[in-house]
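User: Could you take a close look at one part of this model with me? I would like to start from a single residue and then see its surroundings.

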Amino acid sequence: MDTKVLTAHVPLQLANKVDALAASIERPRGWVVKEALAAWVEQEERRHEMTLEALESVDAGRTVPHEDVLAWASRLGSKDIVSVPKARKR
């Protein structure tokens, strides 16, 4: 596999945490950074896909009415089971 070296300035506190983690799992620092970066990129790609799906839903008229969201939010923190409101076609 081809690779490319990336250089970044990282706050000292974060660098120390990476070093400690690498030592605790007996892996090189570069491996920890590569795994973390791969996970972050995957998360951001998924977030982008979900945003595009949400925009498609809005364009298609599938939204959650504001009053449904307010009613749902007002029950958060109560002992009741709170189901997320469903989107409806406008």
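User: Is Q43 buried, partly exposed or exposed, and at what relative accessibility?

Analyst: Happy to! Q43 counts as partly exposed because its relative accessibility is 43%, where buried means under 20% relative accessible area, exposed means over 50% and partly exposed lies in between, with a 1.4 Å probe and protein chains only. A word on the ground rules: this is a predicted model, in which local features need pLDDT of at least 70 and side-chain atom pairs count only at pLDDT 80 or more, while totals for chains, interfaces and linings use all residues. Residues are numbered from 1 along each chain as its sequence is written, and side-chain values use heavy atoms, with hydrogens and water left out.

Q43 sits in helix α2; helices here are DSSP runs of H or I with at least four residues, strands are runs of E with at least two, and both are numbered from the N terminus. With 31 residues at 1.5 Å a residue, α2 should span 45 Å, and this agrees with the 45 Å between its end C-alpha atoms; the expected span is 1.5 Å times one less than the number of residues. Within the sequence, Q43 and V32 are 11 residues apart, and their C-alpha atoms are 17 Å apart in space. L37 is also found in helix α2, and a relative accessible area of 40% makes L37 partly exposed. From L37 to A15 there are 22 residues in sequence, with 14 Å in space from C-alpha to C-alpha.

The loop between α1 and α2 (29-59) holds E26, which comes just after α1 and takes a positive phi of about 55°, although E26 is not a glycine. E26 counts as exposed because its relative accessibility is 73%. Helix α1 covers residues 12-24, and its 13 residues should span 18 Å at 1.5 Å a residue, in agreement with end C-alpha atoms that are 18 Å apart.

Setting aside neighbours within four places in sequence, P85 is in contact with V64, D68, V69 and W72, contact meaning heavy atoms within 4.5 Å. P85 and A71 are 14 residues apart along the chain, and 9.0 Å separates their C-alpha atoms.

How does this part fit into the whole? The protein has three helices and two strands, running α-α-β-α-β from the N terminus. Its radius of gyration is 21 Å, whereas a compact globule of 90 residues would have one near 12 Å; the radius is taken over C-alpha atoms, and the globule rule is 2.2 Å times the number of residues to the power 0.38. Along the principal axes, the C-alpha atoms fill a box of roughly 50 × 35 × 20 Å. Of the 90 residues, 6% count as buried. Among contacts with a separation of 6 or more, 32% come from residues 24 or more positions apart. The protein exposes about 8300 Å², 59% of it supplied by carbon and sulfur atoms, with areas from the Shrake-Rupley method and a 1.4 Å probe.
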